[in-house]
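Colleague: I am new to reading protein models. Could you walk me through one, feature by feature?

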Amino acid sequence: MRNLPSALRWIRRLSLSARFGLLSAALVALLGVALGSWSADRIRRSNVDEAVRLIGYTNATTLYTLSHLGNADLPHNQDIRTDLGNLMIDASIHSKRLVGLIVWSASGQVVYASAPLTRTAMRHAPRELASAFAGQTHTRLIASADAVTDPGLHAIIAKAGPVLQIVSPDGASTGAARAVLQSLIPWRPVENNIRHQTMLMSGALLGGLFVFWLALFRLVTRASRRLREQADRNHNLANHDPLTGLPNRELLRRRTLASIRRANRSGRRVALLLFDLDRFKEINDTLGHHHGDLLLQEIGPRLSRVMREGDCIARLGGDEFVVLLPDVADAVHAQTLGRRIRAELAAPFVLEGVSLDVEASVGIAVTPEHGTDFQALLQHADVAMYVAKKAHLGLSVYDRVLDDHSPMRLALISELRAALADPGQFVLHYQPKLDMKSGKLAGFEALVRWQHPERGLLVPDEFIPDAERTGMIRTLTDLVLSEAVRQVNVWKQAGVKMPVAVNLSTRCLLDPQFPDDVGALLAAHGIAGSELDLEITESAIMADPERAHEILTRLVALGIGISIDDFGTGYSSMAHLKRLPIDQIKIDKSFVIDLVDNPNDAAIVRSMVDLARGLGLGVVAEGVETEETWRHLHDLGCTSAQGFYLSRPLAAEDVLPWVATHRARKTIPAARSVRAGSGPR
């Protein structure tokens, strides 16, 4: 019993076919035992019946011998004993089927007893005698001489061995028998015959059952194999993409979760790289979906050349694929592998004689910084991929600042809406702009800050994009304009008359009411249009060039100065640029910061300055952080500049003291080491 559980466990480890083979073999063996037992019993009975039949001639001879006696009881006469003795001798010598014979009369007396049977047999009549006179035949195996009490019978069995005793009626007369014969037959010939027939029967039965079991086992094995193959196909379909054969989303989910559990124990990181194929729709539309499918089928084999052991690539659907990196050191490591993937995909695909150039946009999310479960990682990798595609970066790591759908950003949008109802949370800082020829103050740029009650002072990059997407930017712009114009009036009253620049959004250039609102605001504070500059981006102009031209023309009519902000980063054409009523361009700081060390940036800035001169426009350089950069821009011919080298953005109350200090100095401050970046706007 102790070994039963281990045996059961061993059986469970066997395949379905092996378990069926064992079970069916056991059942067939039990069937064989039952059939063998039943057949052996039938063989034994058959041989005993045959023995009874074979001694039937003795009954016939006895009937012939006793027939002249009439109905009287069998007497003990010498003639009968002589005839029966001769019969016994003949049977013993020639047939060897009979080793003893006793003839009983109806009165229960022994009419004849073959030697060495004695008259003592009269006192040992078989118990079957009465029913034998009634017509029944009885057989009994006497295996040992010790089983009998008659000395004569004991002697026969001791000499001949086990005997079969047959007690049968004479069977000649109608009605009750006149005599009963108690025949003794040697058992060993009968037993040998039974054994021989049993062996033949067992062999035939064993062979038949084996053939039956083998046929049944093969039938079930084939059926089991077909079921297993179908189950494997179903399992494969449930876990793999039918077109590419790559793991699908569900299998990727399970593998990612398993990788995260292992990484948590080892202290490593897991990364998901989600990418799709750029211009895949163009391939489908141009060459047809057949070539598109062929291309998708080649992605897995192509990337397998650069993937490490243990990495996994899956298809989410369409042209979106995900690479699971179960073991990376950090996001930088994941970026390196992402660049290998992009490089591998950049090699041409040759599909049925057609060469296709493919690029991919890759988004990366890494545990635990970007999520600790599959869904979060996949969602954030998708956000990063969208950023990479939109900005043409090729590859991007998730940044929650860029995630429009993060819970933190949704909460920030709600808080921004509440803050606009309480304008006191928004403050303006002012960054000075200096004339590059004289070094004198040329104006200020108003930069909005959000004094968040919980998160502290937030720069524009943290909330302006949300305000633009949600439509709150117009309310925020009105707030900034109103405060900037009010502050201009305050400084004017203090004797400082300088224009202030305010950034406008795309929505302002699409609103026909905006110029009127600005005019009313200037009039309310007693400010001339020349004391206000409005900065717009190239992308804002290109959203609707015709309407932008109309709005700008109306603003210029108020005397307001117009600048194009972040020039060089948009897509405005020269045709639009020469038609716009603008006063100056502002060179984006990305071209200015490395101006001294990067010849390409220097060439770009020189081209912008030359372009502005040709159009009669002023040039403002942003991001000036060193004296060397200042002098370089001066040599290139820039009109004015702003940046940390000149001054950081100032709170409103710090502006007048700074102006006084600057006027007293009358020169540009000595160069300072501020290569920490130009900071947020």
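**Reading the model**

Modeller: Start with a pair of side chains. Aspartate 278 forms a salt bridge with lysine 389, and their closest N and O atoms are 2.7 Å apart. A salt bridge here is a side-chain nitrogen of Lys or Arg within 4 Å of a carboxyl oxygen of Asp or Glu. The pair links distant parts of the chain, 111 residues apart: aspartate 278 sits in the loop between E6 and helix H9 (280-287), lysine 389 in helix H12.

Colleague: What kind of model is this, and how are residues numbered?

Modeller: It is a predicted model: local features need pLDDT of at least 70, side-chain atom pairs count only at pLDDT 80 or more, and totals for chains, interfaces and linings use all residues. Residues are numbered from 1 along each chain as its sequence is written, and side-chain values use heavy atoms, with hydrogens and water left out.

Colleague: Is aspartate 278 buried or exposed?

Modeller: Buried means under 20% relative accessible area, exposed over 50%, and partly exposed in between (1.4 Å probe, protein chains only). Aspartate 278 has 15% relative accessibility, so it counts as buried. Lysine 389, at 29%, counts as partly exposed.

Colleague: Which residue pairs with arginine 474 in a salt bridge?

Modeller: The general idea first. Side chains of opposite charge can pair when their charged atoms come close. Here, arginine 474 meets aspartate 517, at 2.7 Å from N to O. This pair also links distant parts of the chain: arginine 474 is in helix H15 (residues 473-493), and aspartate 517 is in helix H17 (residues 514-525), 43 residues apart. Arginine 474 is buried at 16%. Aspartate 517 is partly exposed at 32%.

Colleague: How many salt bridges does the structure hold?

Modeller: It holds 22. Some join up: Glu445, Glu535, Lys586 and Glu622 are linked in a network.

Colleague: Now sheets. What is the order of strands in the open sheet with mixed pairing?

Modeller: Strands of a sheet pair through backbone hydrogen bonds, either parallel or antiparallel. Helices (H or I, at least four residues) and strands (E, at least two) are DSSP runs, numbered from the N terminus. Two strands pair if DSSP finds at least two bridges between them. In this sheet the five strands run in the order E7-E8-E6-E11-E12. Strand E7 (312-317) and strand E12 (395-397) stand at the edges with a single partner strand each, so one side of each has no neighbour in the sheet.

Colleague: Which residue stands opposite leucine 272?

Modeller: Leucine 324 in E8. Strand E6 (residues 269-277) and strand E8 (residues 320-328) pair in the antiparallel sense over seven bridges.

Colleague: Where does helix H11 pack?

Modeller: Contact means heavy atoms within 4.5 Å. Helix H11 (residues 331-346) packs on the sheet, touching E6, E8, strand E11 (360-366) and E12. Helix H12 (residues 374-390) lies across E6, E7, E8, E11 and E12.

Colleague: What is the order of strands in the open sheet with antiparallel pairing?

Modeller: The order is E2-E1-E5-E4-E3, again with five strands. Strand E1 (residues 100-105) and strand E5 (residues 179-186) pair over six bridges. Tryptophan 104 stands opposite valine 180 in E5.

Colleague: What does the whole chain come to in secondary structure?

Modeller: It comes to 24 helices and 22 strands. Buried residues make up 45% of the 681 residues.

Note on methods: Axes are lines fitted to C-alpha atoms, for helices over the stretch in contact, and angles run from 0 to 180 degrees between N-to-C directions.
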